[in-house]
Amino acid sequence: EDPIAFSVPARDLRISLAKGGAVLDLAVEGASSTPVVVKVLDRHPVNGATMHVDLLRVRLDVKIQATVFLELIGEEDAPGVKESGVLEHVTRELTIEALPNEIPDTLQHDVSAMVIGDTLTLAALRPPAGVELMDDPETVIATLTPPKLQLEAEDEIEAETAVVGEGEEGEAESEGEESSGDEAGSDAE
């Protein structure tokens with residue numbers, strides 16, 4: 001069907017998007033309601049207010065592709081994190097294919113068994129029934145790396161020690177010169 005342009009009060013739109021889930025029922029100017037999904041959502045760069053929304057009409061019996069967020073759970077319980085490892089969440093969005101009513105808000109994966117040196121790929125993720133992952137199975141989702149020690153280089157330490165040592169010796173020498181100069185001056189009188 002042809003695109004339809006319409007406006008809606010910001011508050012109504014915000015409430016609808018928050019409560020609607022993946023599929024919204026849209027009725028424009030008294031027409032019958034049509035199931036739609038959000039295709040593009042543009043927000044104001046400063047205050048985050050919704051500026052523009054593109055909605056896509058969908059059929060509830062045909063699978064569509066959508067982007068969902070991946071949420072990692074159990075991070076604090078992972079043995080590698082407890083050993084001061086760094087858990088890096090590499091991939092945060094995934095492309096899935098599902099019927100419009102079966103699109104989840106987020107996908108979750110438990111990382112509580114990860115140890116230092118582990119790399120989690122998309123192949124380890126088990127989506128809910130009716131949801132198919134479209135990204136490459138070798139896509140890295142998360143890594144758990146050992147902590148990086150920030151040791152100062154030997155040269156930096158030696159340079160700092162030399163500068164500090166010179167400053168103290170230089171002050172002592174200056175004081176010695178001043179006092180010997182005073183003594184010499186008093187002899188001349």
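Among contacts (heavy atoms within 4.5 Å) between residues at least 6 apart in sequence, 61% join residues at least 24 apart in the protein. The model is predicted: local features need pLDDT of at least 70, side-chain atom pairs count only at pLDDT 80 or more, and totals for chains, interfaces and linings use all residues. Residues are numbered from 1 along each chain as its sequence is written, and side-chain values use heavy atoms, with hydrogens and water left out.

The protein has 189 residues, and 21% of them are buried. Buried means under 20% relative accessible area, exposed means over 50%, and partly exposed lies in between (1.4 Å probe, protein chains only). The accessible surface amounts to about 13500 Å². Carbon and sulfur atoms account for 50% of that surface. These areas come from the Shrake-Rupley method with a 1.4 Å probe; for residues, only the protein chains shown count as cover.

Three helices and 10 strands were assigned. Both are DSSP runs numbered from the N terminus: helices are H or I with at least four residues, and strands are E with at least two. From the N terminus, the order of elements is α-β-β-β-β-α-β-β-β-β-β-β-α.

Four strands form an open sheet with mixed pairing, in the order 7-4-6-9. Its edges are strand 7 (106–110) and strand 9 (132–133), each of which pairs on one side only. Two strands pair if DSSP finds at least two bridges between them. Strand 4 (residues 64–73) and strand 6 (residues 93–98) run antiparallel and are joined by six bridges. Here Ala66 of the protein stands opposite Ile96 in strand 6.

Strand 10 (residues 140–145) pairs with strand 5 in the antiparallel sense over four bridges. Strand 10 also pairs with strand 8 (residues 119–121), again in the antiparallel sense, over three bridges. Thr121 has Val140 in strand 10 as its bridge partner.

Val86 lies in strand 5 (residues 86–89). Thr145 in strand 10 stands opposite Val86. Setting aside neighbours within four places in sequence, Val86 is in contact with Thr143, Leu144, Thr145 and Pro147. The relative accessible area of Val86 is 42%, so this residue is classed as partly exposed. Val86 and Gly117 are 31 residues apart in sequence, and their C-alpha atoms are 9.8 Å apart in space.
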